[in-house]
Amino acid sequence: LFGIFQQTSGDLQGIFFDSPISAQYPGRGEFLEAFAKKMSRASEISTIDEIERLWFELQREMTETGKIVRFEAPVLLADGRQATREVIRLGAFDVVSAEPAKYLSWRGETQSLAELKRQPGGDTLDRLDDYTSSDDPVARIDLDPTGGSLLERLVEAPGLGDRIEQGGLVGYVIMALGAVALLVALERLISLSIIGAKVAAQRRNIDSPQTGNPLGRVLMAYHENRGVDAETLEMKLGEAVLKELPSLNRFLTFLKIIAVAAPLLGLLGTVTGMINTFQAITLFGTGDPKTMAGGISQALVTTVQGLCVAIPTVFLHSICSTRAKAVVHMLQEQSAGLIAQYMEKGGRA
């Protein structure tokens with residue numbers, strides 16, 4: 001019988017060690033440890049009170065797993081400070097703080113509650129806040145059926161900022177190029193949209209050319225060179241159109257270069273990361289797969305960053321190039337129409 005008591009108390013120590021119920025009932029582990037030691041000695045015998053408490057602790061652990069309880073408990077905050085907070089224990093699944101609404105983790109090694117270093121995203125915290133601030137006995141809330149282990153693994157997953165940081169220097173260069181490409185593309189889209197609107201307005205008013213748009217300047221060149229032969233006029237209008245090309249196609253080549261260079265930089269970061277991974281294997285061996293997996297993951301991040309920059313840049317370059325070509329086509333169309341009209345009049349003003 002005493003052997004069964006000793007085995008049961010040892011099993012309960014492991015359960016209490018990982019159970020968040022111990023945050024509400026501290027000191028249970030010390031009793032079980034002392035009880036197990038007493039059972040292992042041949043010179044001592046347990047009392048009826050100790051045997052009854054063993055049964056009571058076993059029964060209380062089972063009944064408390066089905067309860068939702070509010071109580072005050074010390075909590076280790078994310079910034080390292082310790083504060084007493086009102087916490088809510090959801091059976092043996094999770095422990096959350098009521099104000100502010102955050103998920104907590106039970107640290108068995110220190111027998112204390114601590115805020116998760118990063119809270120789960122999405123609508124999880126909103127539902128938790130609604131639950132903690134509402135008196136409704138039935139509410140929707142996210143639970144971790146593993147007792148907190150799955151939630152800790154979930155919040156340890158790297159976010160967007162962590163991924164960018166994993167890319168290192170090459171990753172920052174790629175992201176900087178992506179930001180520059182985005183700004184340049186926005187500037188080109190806005191400028192070409194404004195130029196296109198001005199050219200369209202000038203097209204509706206051919207007889208009154210304005211120098212504030214490419215078509216107006218082409219029309220000015222036509223009016224300034226009336227009276228010359230048709231071949232000369234064609235060359236003058238062609239020259240006027242060519243003068244407009246640099247301003248229309250400005251920075252488009254730069255966007256194309258970024259679209260090509262970003263994947264190459266990503267490949268450079270991948271190769272550099274793999275070199276660092278193999279150096280770590282040389283120093284520490286292959287005993288820890290996490291070391292290799294982490295290095296490979298970091299190496300592949302730069303490739304992802306390069307592709308994430310290159311693909312949108314290709315689309316932006318295509319859109320800007322299409323708009324610039326549309327304006328150039330309109331200029332060429334109007335210059336050809338002016339030359340044809342001029343030749344119909346026999347080269348007269």
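Ala 114 lies in strand 5, which spans residues 112-115. In this predicted model, Ala 114 has a relative accessible area of 2% and is therefore buried, being under the 20% cut-off.

- Apart from neighbours within four places in sequence, Ala 114 is in contact with Val 75, Leu 76, Leu 104, Ser 105 and Arg 107.
- Between the C-alpha atoms of Ala 114 and Gly 216 there is a separation of 70 Å; along the chain these residues are 102 residues apart.

**Helix 4**

- Helix 4 comprises residues 124-133, and its buried residues are Thr 124, Leu 128, Tyr 131 and Thr 132.
- Viewed down the axis of helix 4, these buried residues fall within an arc of 90°, so they line one face of the helix.
- The cover over the buried residues of helix 4 includes strand 1 (68-76), strand 2 (82-90), strand 3 and strand 4.

**Pro 100**

- Pro 100 is located in the loop between strand 3 (94-97) and strand 4.
- The relative accessibility of Pro 100 is 32%, so this residue counts as partly exposed.
- Thr 132 is one of the buried residues of helix 4.

**Helix 1: span and faces**

- Helix 1 contains 17 residues, and the distance from its first C-alpha to its last is 25 Å, close to the 24 Å expected at 1.5 Å a residue.
- Phe 5, Ser 9, Leu 12 and Phe 16 are buried in helix 1. They cover an arc of only 65° around the axis and therefore lie on the same side of helix 1.
- Helix 2 (28-40), helix 3 (48-64) and strand 4 (102-107) are among the elements that cover the buried residues of helix 1.
- On the face turned away from the buried side of helix 1 are the exposed residues Ile 4, Gln 7 and Asp 18.

- Phe 2 belongs to helix 1, which runs over residues 2-18.
- With a relative accessible area of 34%, Phe 2 is partly exposed.
- Together, Leu 1, Phe 2 and Ile 45 make a nonpolar surface patch of about 330 Å².

Technical notes
Residues numbered from 1 in each chain as written. Predicted model: local features only at pLDDT ≥ 70, side-chain atom pairs only at ≥ 80, totals over all residues. Heavy atoms only, no water. Patch = residues over 30% accessible without salt bridge, like charges linked within 9 Å, V, L, I, M, F, W, Y side chains within 5 Å. Areas by Shrake-Rupley, 256 points an atom, 1.4 Å probe, with all protein chains shown as cover. Salt bridge = Lys/Arg side-chain N within 4 Å of Asp/Glu carboxyl O. Helix = DSSP H or I, 4+ residues; strand = E, 2+ residues; numbered from the N terminus. Buried < 20%, exposed > 50% of the residue type's maximum accessible area, 1.4 Å probe, protein only. Expected span 1.5 Å × (residues − 1). Arc of directions from axis to C-beta. Contact = heavy atoms within 4.5 Å.
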